[in-house]
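Here is a short briefing on one protein model. Please read it with the sequence and coordinates open.

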Amino acid sequence: MRILVTGGAGFIGSHLVRRLLASEQDSVVNLDALRYSGNLGNLADVTGHARYVFVQGDICDATTVERIVREHRIEAVINCAAETHVDRSIVEPGGFARTDVVGTGVLLEEARKAGVSRFVQVSTDEVYGSVEVGSSREDDRLDPRSPYSASKAGGDLLVRSYWATYGFPVLITRGSNTYGPNQYPEKFVPLFVTNAIDDQPLPLYGDGRYRRDWLSVFDHCGAIEHVLHHGEPGGIYNIGGGNERENIAVAGTILNHLGKPPTLLRFVQDRPGHDRRYAVDCSRLRALGWSPTVPFETGLRATVDWYRDHQEWWRKIKSGEFRAYYEQMYGKRLKDGIPCAS
Ligand code: TYD
């Protein structure tokens, strides 16, 4: 297939581009605005590949999207382009609605007009909101509670409307917390790994007992590809790793792998509106023939090793724009933080 992947220079997008190119049947156009978390270094190994083209541009720009879809005779779109970090959405929500809702709308419309045959929206389990017990199913009520998850929910609703209104063959994936190489170090796992390598404190929000279901980026991309080829048009598919852990336990495992002491842990002021727990029921996707393959402890260890062995990748990021962000987000928090020695 000739596939347009948006946000292909980001974390999940870059792994997906590499995976699609490996399948040998697909060619890929990567449209990425290269904002703060987009990084062509993530795809250095596929630059110059015969079936790969990169275009710098914004999914909100209808002219660019229309041209790409027409010139490259795109058959499928996978929308990975998004603003994704909850903490940023709390301090600067505006860009989230723009990219995650308006951008999704532009892509949908250009893809529909061009007669694209599959449109996969890469979404998140956060649209269901906090799930105190049990697990979210695809038809559960959406209850997003941060500007980030609300924007993703808005995008999902637009995507669904294209199925109901136009019969446009859309699919939605809702992945759980994803970890792996090349993740921008604002997110929990890479922030904690890189801070620990530098003997810097690890800021655990609140009591550290928030729970997430951790999914390897390799499993996540496998699931997206599976849905692209086998999903029912109009369908929504949860993707989870089946690895529910408390944040404090994940932090402990990271410290263990690196041989660093628990005295690096700090309890810090909580995130406003912090969702206590996410959990997804993946039986629909399992019935379609997908299941995760990477055991969490193995995947996390390999991820920690990757950051230890690719310091030039994250040190460049952490010494740039990131410093102002880190100070804004963590300066006061860490000053007031409480060490946790056990
Ligand atoms: P994050 O990676 O931001 O993903 P999400 O909020 O989308 O699930 O955070 C994962 C969990 O880790 C979440 O419960 C918030 C928590 N967290 C911290 O305790 N400290 C931090 O510095 C960060 C970034 C996250």
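In which helix is K335 found? K335 is found in helix 12. Helices (H or I, at least four residues) and strands (E, at least two) are DSSP runs, numbered from the N terminus. This is a predicted model: local features need pLDDT of at least 70, side-chain atom pairs count only at pLDDT 80 or more, and totals for chains, interfaces and linings use all residues. Residues are numbered from 1 along each chain as its sequence is written, and side-chain values use heavy atoms, with hydrogens and water left out.

- K335 counts as exposed because its relative accessibility is 70%. Exposed means over 50% relative accessible area, buried under 20%, and partly exposed in between (1.4 Å probe, protein chains only).
- K335 and V268 are 67 residues apart along the chain, and their C-alpha atoms are separated by 8.8 Å.
- P185 sits in the loop between strand 7 (178-179) and helix 6.
- P185 counts as buried, because its relative accessibility is 0%.
- Contact means heavy atoms within 4.5 Å. Leaving aside neighbours within four places in sequence, P185 is in contact with P190, L191, T194, W313, I317, K318 and F322.

**Helix 6**

- Helix 6 has 10 of its 10 residues buried, so it is largely enclosed by the rest of the structure.
- Its buried residues include F188, L191, T194 and I197.
- Strand 7, strand 8 (202-205), helix 8 (247-258), helix 10 (296-309), helix 11 (311-318) and helix 12 are what the buried residues of helix 6 pack against.

**Aromatic rings**

- A pair of aromatic rings is described by the distance of the centres and the angle of the planes.
- Rings of Phe, Tyr and Trp (its six-membered ring) pair if their centres lie within 6.5 Å; planes under 30 degrees apart count as stacked, over 60 as edge-to-face and the rest as tilted.
- The structure holds 17 aromatic pairs. One of them joins F188 and F192: the centres are 4.3 Å apart and the planes at 45 degrees, so the pair is tilted.
- F188 and F192 are separated by about one helical turn, because they are 4 residues apart in helix 6 (residues 188-197). Both F188 and F192 are buried.
- F322 and Y325 have ring centres 5.6 Å apart and planes at 50 degrees, so this pair is tilted.
- F322 and Y325 lie 3 residues apart in helix 12 (residues 322-335), so about one helical turn separates them. F322 and Y325 are buried.
- One aromatic cluster is formed by Y36, Y184, Y205, F322, Y325, Y326 and Y330.

**Charges over rings**

- A charge sits over a ring if NZ of Lys or CZ of Arg is within 6 Å of the ring centre and within 35 degrees of the ring normal.
- R88 places its charged end over the ring of Y325, 4.0 Å from the centre.
- R112 lies over the face of Y166, 4.0 Å from the ring centre.

**Cysteines**

- A search of the whole structure finds 0 disulfides, a disulfide being a pair of cysteine sulfur atoms within 2.5 Å.
- C80 is in no disulfide, and its nearest cysteine sulfur, that of C221, is 7.1 Å away.
- C80 counts as buried because its relative accessibility is 16%.
- C221 is buried too, with a relative accessible area of 1%.
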